[in-house]
Amino acid sequence: MTVTTAVAKTVDARGLSCPLPIVKTALAMRELASGDLVEVLATDPGSTKDFAAWSKTTGHTLVESSVDGKVFRYLLRKK
Amino acid sequence: MTATLTRPALPTALVEGLDDPVTEGEVKAKELVIVAESGDLERTWATTILASTAAAGEMKVSIFFTFWGLFALVRPEVRITGTNWMQKMLAMMNRPGIDHAKLSKLNFVGMGPWMMKKLAKQYGVAEPRELLEMAQALGVRLIPCQMSMDMMGITPDQLIDGVEPAVGAAAAIELMTNADASLFI
């Protein structure tokens, strides 16, 4: 089985506050297939804990969580 | 050895969900029911934030709109609801539509909500209407209360698209009894 490393969709949630980064990501996930990668860009400092929790409740894997200056980047794989 | 289990007779509303495909090892989706009773801006905000977030977390979410909460479902272009003068007066004193919700405190003839929405925009917070639309897109069920519809003279065609047929208190109680969490906002 091949695992995709290419990002299928990017959700730009920069400048958006809770719960928009999560809600927009959930909406984006609906258009994707299982195994697809979603990249989320956010500036909400609460998003780090939100995405960790959200990945636990939904089962989508949080592949990567990083920060570059004020921009947080999350990489999620759809379950 | 194989054991045969007979499913006990359940009320129809409960049985409906049982045929949903649930894969082996997968947990049944948690359910959240919100009773939206208040039409106040801050409470409508809380309702729409929680509903959209729970739906994003793959919970099954239903909102039961009753009393002033029902006004949030009225179409934006509908100015006055009601058929008799009292119902019309109520709608005149308290304009229906989610964009016209007032703050319970510090409303100052609309100055409070205006400032609140201005701040929301500045801080990237979505307005209740946007959150309600996203909630709908994520499958949140919007259920109006029949009694409130009758008492306030609101007709189904005055409600936004995608709203389910109105139900009574017993149906709302049944939803809450079967849910994992219910909130009265």
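A salt bridge, as I use the term here, is a side-chain nitrogen of Lys or Arg within 4 Å of a carboxyl oxygen of Asp or Glu.

Ground rules for my notes: this is a predicted model, where local features need pLDDT of at least 70 and side-chain atom pairs count only at pLDDT 80 or more, while totals for chains, interfaces and linings use all residues. Residues are numbered from 1 along each chain as its sequence is written, chains are lettered from A, and side-chain values use heavy atoms, with hydrogens and water left out.

**Entry 1, between chains.** I looked up B:Glu58 and found it in a salt bridge with A:Lys79, at 2.8 Å from N to O. B:Glu58 sits in the loop between helix H2 (41-56) and strand E2 (60-65) of chain B, and A:Lys79 in the segment after strand E4 (71-77) of chain A, so this pair joins two chains. Helices (H or I, at least four residues) and strands (E, at least two) are DSSP runs, numbered from the N terminus.

I call a residue buried under 20% relative accessible area, exposed over 50%, and partly exposed in between (1.4 Å probe, protein chains only). B:Glu58 is partly exposed at 35%, and A:Lys79 is partly exposed at 45%.

I then checked B:Lys28, which forms a salt bridge with B:Glu31, with the closest N and O atoms 3.7 Å apart. B:Lys28 is exposed at 58%, whereas B:Glu31 is buried at 14%.

Over all chains, I get 11 salt bridges.
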